[in-house]
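Let's walk through a protein chain together, one question at a time.

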Amino acid sequence: MKAFFKKWWHALLGLYALIYMPCFTYLEKHVIDEYHLIHCGIDDKIPFCEYFIIPYFFWFAFIAIACVYFFFKSQEECVRMGLYLIIGMSTAIIIYFVFPNGLGSIRPTEFPRDNFCTDMVKFLYKSDTSTNVLPSLHVFNTLVVVIAVFKSKTFKRPKLMRTIVSVIAVFICLSTVFLKQHSVYDLLAAVALILILYPLIYKNKLLSRCFKHNGRDTEKEGA
């Protein structure tokens, strides 16, 4: 039992969903009339394009696949990525609480085309409010995965994987502004959060020592 827990204890990171989801749901359900408007001139120059709904929704699979992959491939890389996501998402939730923000009327009321993608956008608008946008968690979580992939030593063809993930990440990030789900400011705030937390996750000597110690224990058990 002890050996099993030592090998799979990082699964406990998944319990964070029990904290995050109620908080985010509360924020979404309790929409307030007064909030800080997030908007810049560039937002008005970016055209609406419903086809970006495809990479936008693919984000869910993108994050899930990354979590499952690192969970089974590398405990250390999984924990680092998990902590990155948890700390960043928690920071975002706190910002939403103390600094209520939203997009205002940036979303289109009429659509230039009527197709399946447009129907998906309409569904998105109904299920997701235009509040709690800065920083963009779509962008933040995507960049966390990109960094995890670039730092990983588990891929047999790392350059190919980094290229694929980077291309997907670019389309996901662009989708947030082309669908009018986020302002450019939201993207910049997500990037800023990524840069602030990076040293805590990947330059943390204490965290590195913990995994080195764990690695020595594993070697002793296998000897």
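Q: At roughly what angle do the axes of helix α5 and helix α7 cross?

A: Keep in mind that this is a predicted model. Helix α5 covers residues 75–98 and helix α7 covers residues 137–151. Their axes come within 10 Å, and the crossing angle is roughly 160 degrees.

Q: Are α5 and α7 roughly parallel or roughly antiparallel?

A: The two axes cross at roughly 160 degrees. Angles over 145 degrees count as roughly antiparallel. The crossing is also right-handed. So α5 and α7 are roughly antiparallel.

Q: How many salt bridges does a search of the whole structure find?

A: Side chains of opposite charge can pair when their charged atoms come close. Another is Glu 76 with Arg 80, where the closest N and O atoms are 3.0 Å apart. For the whole structure, the search comes up with two.

Q: How many residues apart in sequence are the parts that Arg 113 and Glu 50 tie together?

A: Arg 113 sits in the loop between β2 (101–102) and α6 (116–127). Glu 50 is in the loop between α3 (41–45) and α4 (53–73). The pair therefore ties together parts whose separation in sequence is 63 residues.

Q: Which helix holds both Glu 76 and Arg 80?

A: These two are four residues apart, about one turn of the helix. Glu 76 is partly exposed at 31% relative accessibility, while Arg 80 is buried at 7%. Both of them lie in helix α5.

Q: About how much accessible area does the nonpolar patch with Leu 12 have together?

A: Leu 12 is in the loop between α1 (2–8) and α2 (17–29). At 48% relative accessibility, Leu 12 counts as partly exposed. On the surface, Leu 12 forms a nonpolar patch with Phe 5, Leu 15, Leu 18 and Ile 19. Together they have an accessible area of about 540 Å².

Q: What percentage of the chain's residues count as buried?

A: Zooming out, the chain has ten helices and two strands. Its C-alpha atoms fill a box of roughly 65 × 40 × 30 Å along the principal axes. Of its 223 residues, the buried share is 43%.

Note on methods: Residues are numbered from 1 along each chain as its sequence is written. This is a predicted model: local features need pLDDT of at least 70, side-chain atom pairs count only at pLDDT 80 or more; totals for chains, interfaces and linings use all residues. Side-chain values use heavy atoms; hydrogens and water are left out. Patches are made of residues with over 30% relative accessible area and no salt bridge: like charges are joined within 9 Å, nonpolar side chains (Val, Leu, Ile, Met, Phe, Trp, Tyr) within 5 Å. Accessible areas come from the Shrake-Rupley method with a 1.4 Å probe; for residues, only the protein chains shown count as cover. A salt bridge is a side-chain nitrogen of Lys or Arg within 4 Å of a carboxyl oxygen of Asp or Glu. Buried means under 20% relative accessible area, exposed over 50%, partly exposed in between (1.4 Å probe, protein chains only). Axes are lines fitted to C-alpha atoms, for helices over the stretch in contact, and angles run from 0 to 180 degrees between N-to-C directions. Angles under 35 degrees count as roughly parallel, over 145 as roughly antiparallel, 65 to 115 as roughly perpendicular and the rest as oblique. A crossing is left-handed if the near helix is turned anticlockwise from the far one by less than a right angle, and right-handed if clockwise.
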